[in-house]
Each structure stands twice: as C-alpha cells, then as structure tokens.
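Let me put the structure up and then walk you through it.

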Amino acid sequence: MANKFSLGDILHYTNRRTYSDTKGDIAYLDGAPLRRPFSMPAGQRFLAFIIVAVAIVLGFLFINNTVISALREAAEAEQAIENNLARQASIETIPNMADLINRNDKGIKKAFKNAGYTMFDASSESDSEDMTLYKLPADVTVDEAAEMYAKGISNLNAVQATKLLVGSWQFVAERSAGTSMVVRYADFTTGDPEVAVKNAMDKTGFDPESITDSGVDDSGNTYSTGTLEADDATCVWRISAIPLNEIYDINNMPEEACYIGVRVTKQ
C-alpha cells in the first residue's frame, strides 16, 4: 500500500522557514530574504577591491607599454626628423665642379679639407682610377657615417636617414674612361624636380644660356644639360633630379624631397 503524506508532513520534512503562507495545497515561499539589503562581507569586499585595483594597474601598464608608448615614440621621431631638416641644407656646400674637373684626387681632397669639411672616404682599394668621398653633416662623425653607410641608406629609418642626408653629399671622380665627376645630394625643401634642377644650376654657376637639352629621360629624371669651359677644357654638364622616394624606400620621409645629381665630364 502506497504511503500517503499530508501537506503537514511535507512541510515537516522541508525547511519551514522558507515558507510564509499556505492556501489549500499550495505553499508560498517567504519573500523576506529577497527584500533584505545585499551586502558583501568585509573580507570579500577587500579581496574584490584588490582584484579591481590589480586589473586597473595591469590595464594601465598594458596601454602605456603599447598605445601610449607607440604614440610617444612616433612624436619623438617626428620631432627628431624636424630637427634634422632644420640643419644646413646640402646644396649650401656642394662644390664648384668646374674648379675640380682638372684636379687630381690629392688636389680634390686638399680643397675639401681647406673648406673645413669632414669627409668619409669610401673609395674602393681595388679600383685606383675612381674615388668616392662623402661630405658629412657637421654633427655626424666619421664612425657614425661609416656605420650607417655600411647598413645601406635604404635600411635606415627616417630619423637616421635625415640625419645622414641633410647637409651631406657624395662626390665621385671617375677616370677609367676620360674624366667625369659627379656630386649627388638630397634636397628636402624644393618639392619640385624642375625647381631643384634650376636651384642646382644657380648654385654651381652653370650658364642657362649654355643649355643644349632638357626634359625628362626614360628613367624619370628631370634634367638639363649644357657645356662649359674650364681651364681651356671643354666640358659637358648635366643636372638631374628625381623624387627621393624613387631612390630610397624609407617610411615617413618627407614626400617633397628630391635627389639631385650634378655631373661634369671633360671632353
């Protein structure tokens, strides 16, 4: 025979304190506990505070080491580039090629030394007919330049590249087939290859009336070419300019920069 339990028996075997009223066979739960204010024990509140504080500190450190640090580094790099660009421009010290075309290597080096330039000699020991010299910015040492040139300019960042290129130029004397000399430098202010060519022509003293040809060549260089007389020797000069980013692929370099070449060849 099945056991029968009355409502009283059921309430006896359950927690009476959880029920507040019964109506017929229905027992209603006591809602008083739900109306009591919720509060966390002091020990648990302290532990929660510690967890929240640690999370805030870790979040700040993460943001500081990633977002804020990246923004700070970008701002510092931008300022360093601006400082580099504010130095003496390369065009201010480029040599007068007509004065050098008839000099030997020793005479050229002496002329640069007398001008007070700091030069880095990158001539190849295996090639005695060509000479390659770099005039360095006033605040760059020979050791610093040697390290940067060894890396390759395209492998430098914008801060390093502008520090090396602003105020410097490369001079090459080639004597394997006649005599040809060229100076190359970066122009960070002109922003227009045609204007850069004109500025270089003015600086070198080449006569605009001597121009025999000008335009844009197959390599994208804007150029002008002409003739001059140097110590009774007839020479051909050529000035060319191209956007610097066509020569060096470096992020954050000034987009308006040009790369200039001034060549004089003795006939």
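**Starting from Phe171**

So, Phe171: skipping residues up to four places away in sequence, it touches Pro95, Met97, Leu100, Ile108, Phe112, Met131, Thr132, Leu133, Met181, Val182 and Val183. Contact here is heavy atoms within 4.5 Å. Phe171 also shows up among the residues with the most contacts inside the largest nonpolar core, which has 31 residues, along with Met181, Tyr185, Phe206, Ile239, Ile260 and Val262. Apart from that one lies another core, of 24 residues, including Ile81, Leu136, Tyr149 and Ala186. By nonpolar core I mean a set of buried Ala, Val, Leu, Ile, Met, Phe, Trp, Tyr and Cys residues joined through side-chain atoms within 4.5 Å. Buried is under 20% relative accessible area, exposed is over 50%, and partly exposed is in between, with a 1.4 Å probe and protein chains only.

Quick housekeeping. This is a predicted model, where local features need pLDDT of at least 70 and side-chain atom pairs count only at pLDDT 80 or more, while totals for chains, interfaces and linings use all residues. Residues are numbered from 1 along each chain as its sequence is written, and side-chain values use heavy atoms, with hydrogens and water left out.

For the overall picture, the protein chain comes to 8 helices and 10 strands; those are DSSP runs numbered from the N terminus, H or I of at least four residues for helices and E of at least two for strands. Of its 267 residues, 33% are buried. Take contacts between residues at least 6 apart in sequence: 57% of them join residues at least 24 apart.

Now the rings. There are 9 aromatic pairs in the whole structure, where a pair means rings of Phe, Tyr and Trp (its six-membered ring) with centres within 6.5 Å; planes under 30 degrees apart are stacked, over 60 edge-to-face, the rest tilted. How are the rings of Phe112 and Trp169 arranged? Their centres sit 5.3 Å apart with planes at 70°, so that's edge-to-face. This pair links distant parts of the chain, with Phe112 in helix 5 (residues 105–114) and Trp169 in strand 5 (residues 169–174), 57 residues apart. Phe112 is buried at 3% relative accessible area, and Trp169 is buried at 1%.

Phe112 pairs with Phe171 as well: centres 5.4 Å apart, planes at 85°, so edge-to-face. With Phe112 in helix 5 and Phe171 in strand 5, the pair ties together parts 59 residues apart in sequence. Ring pairs bring Phe112, Tyr117, Trp169 and Phe171 into a cluster.

Ser224 is buried, at 9% relative accessible area.

For context, most residues other than glycine have a negative phi. Asp231 is exposed at 64% relative accessibility, and Asp232 is exposed at 81%.
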